[in-house]
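Hello,

Here is the structure I promised to pass on. Please open it first, then read my notes below.

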Amino acid sequence: MKKTTIWTIVAAVVVVLGGSFFFVKQNSTNNQVEASYNQAITHGKKAVANKNYAEASNKFKQALNIKKTKQAAAYKSQADNMLVTIKYAQDGKYDQALKAINQVITKSNGYPVLTKQGEKLKSLVEDVEDDYKHEIKPIFATAFQAEADKQYLKAIDQYQKVLNLPYIGDKYYQKYKNIAQAGIKKDKKAATNGKSAIQGYAAISGNGSSSNNHAKSNNAQNSIGATGNAGKTGEGSMGNHQVNGKTVAKNQIAQLRKRVGKLGYDAMSWSPQDLIDLYRSSKRANPNLITKKDVQKYLKP
């Protein structure tokens, strides 16, 4: 065999072997990239399951840096908007919060678990906004007016009502809890110093002696305007959020509001306490069973 032929064969073998090596190496690299991408996505999903959206966003960002896909981009966007929604809701910026959460729910190529969590968070934000508009805000309005009139003990009593709300400890109400606590601290300083002021505060906050019942009663009457017919008498007294021994859930309050609207009333003018007291007085097993006669009976003087 000629030398040229031998070298030609050798050269061909080298080319084949080199090509095979390059193919194997490239395939290995692609597998590593895919594995790293999938690992980042998996870790992000675990963070979503734990509702750790900051960690989820970070992991989805890692996946996006490894391989730019619509999936990773959508997942990260959803996680980011969950964080934005929570922040806005805690700041009392409900319009912005609802706008951000809609970005989670309607996101193309989104993660279904995040979409579902987004729907639940939207419902929660709507409930928080409802509580603020129809229960917390009216109480604050009464407190602010009392302060303007230099009726500091009355203002303290109103702030205390906010602190007594059953849901006020939740993180989405922390802003209002802080306002109420600061208001009490400020108005205590503004009120007249001395034993008489302390006794007066004890009376309107329910800690005074029986001789102060008249002052307590007058204060309760003055506060009725803040919540409509809420807590008129007996078991339905101001602040009672239970029916048949169980605290009325937010989804039930939403049901009650819808029911009142369907019956022809201005549902948005009813505070959560009004709705709970109506539910209690109706003696119905389900909010959707309440009738117009039940409402008329409740509103009857």
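**What I found**

The chain is built from twelve helices and two strands. Starting at the N terminus, the order of elements is α-α-α-α-α-α-α-α-α-β-β-α-α-α. Keep in mind that this is a predicted model.

**Confidence**

Across the chain the mean pLDDT is 80. A value of 70 or more is reached by 74% of the residues. Helix H4 (residues 94–105) has the highest confidence, with a mean of 97. Helix H9 (residues 213–223) has the lowest, with a mean of 35. For residues 194–237, pLDDT is below 50. That stretch still has 57 contacts in the model beyond near neighbours in sequence.

**The chain as a whole**

There are 301 residues, and 37% of them are buried. The accessible surface is about 17,500 Å². Carbon and sulfur atoms account for 53% of that surface. Now look at contacts with a separation of 6 or more: 62% of them join residues 24 or more positions apart.

**Salt bridges**

How many salt bridges does the count come to? It comes to nine. Here are some of them.

Take Asp130 and Arg257. Their side chains form a salt bridge, at 2.8 Å from N to O. Asp130 lies in helix H5 (residues 112–148) and Arg257 in helix H10 (residues 250–262). The two are 127 residues apart, so this pair links distant parts of the chain. Both Asp130 and Arg257 are buried.

Next come Glu147 and Lys186. Their side chains meet in a salt bridge as well, at 3.3 Å from N to O. This pair also links distant parts of the chain: Glu147 is in helix H5, Lys186 is in helix H7 (residues 174–190), and 39 residues separate them. Is Glu147 buried or exposed? Its relative accessibility is 14%, so Glu147 counts as buried. The cut-off for buried is under 20%. Lys186 stands at 48%, so Lys186 counts as partly exposed.

Last, find Lys87 and Asp91. They form a salt bridge whose closest N and O atoms are 2.6 Å apart. Lys87 has a relative accessible area of 47%, so Lys87 is partly exposed. Asp91 is at 27% relative accessibility, so Asp91 counts as partly exposed too.

Best wishes

Notes:
Residues are numbered from 1 along each chain as its sequence is written. Side-chain values use heavy atoms; hydrogens and water are left out. A salt bridge is a side-chain nitrogen of Lys or Arg within 4 Å of a carboxyl oxygen of Asp or Glu. Buried means under 20% relative accessible area, exposed over 50%, partly exposed in between (1.4 Å probe, protein chains only). Helices (H or I, at least four residues) and strands (E, at least two) are DSSP runs, numbered from the N terminus. pLDDT is the predictor's confidence in each residue, from 0 to 100. Contact means heavy atoms within 4.5 Å. Accessible areas come from the Shrake-Rupley method with a 1.4 Å probe; for residues, only the protein chains shown count as cover.
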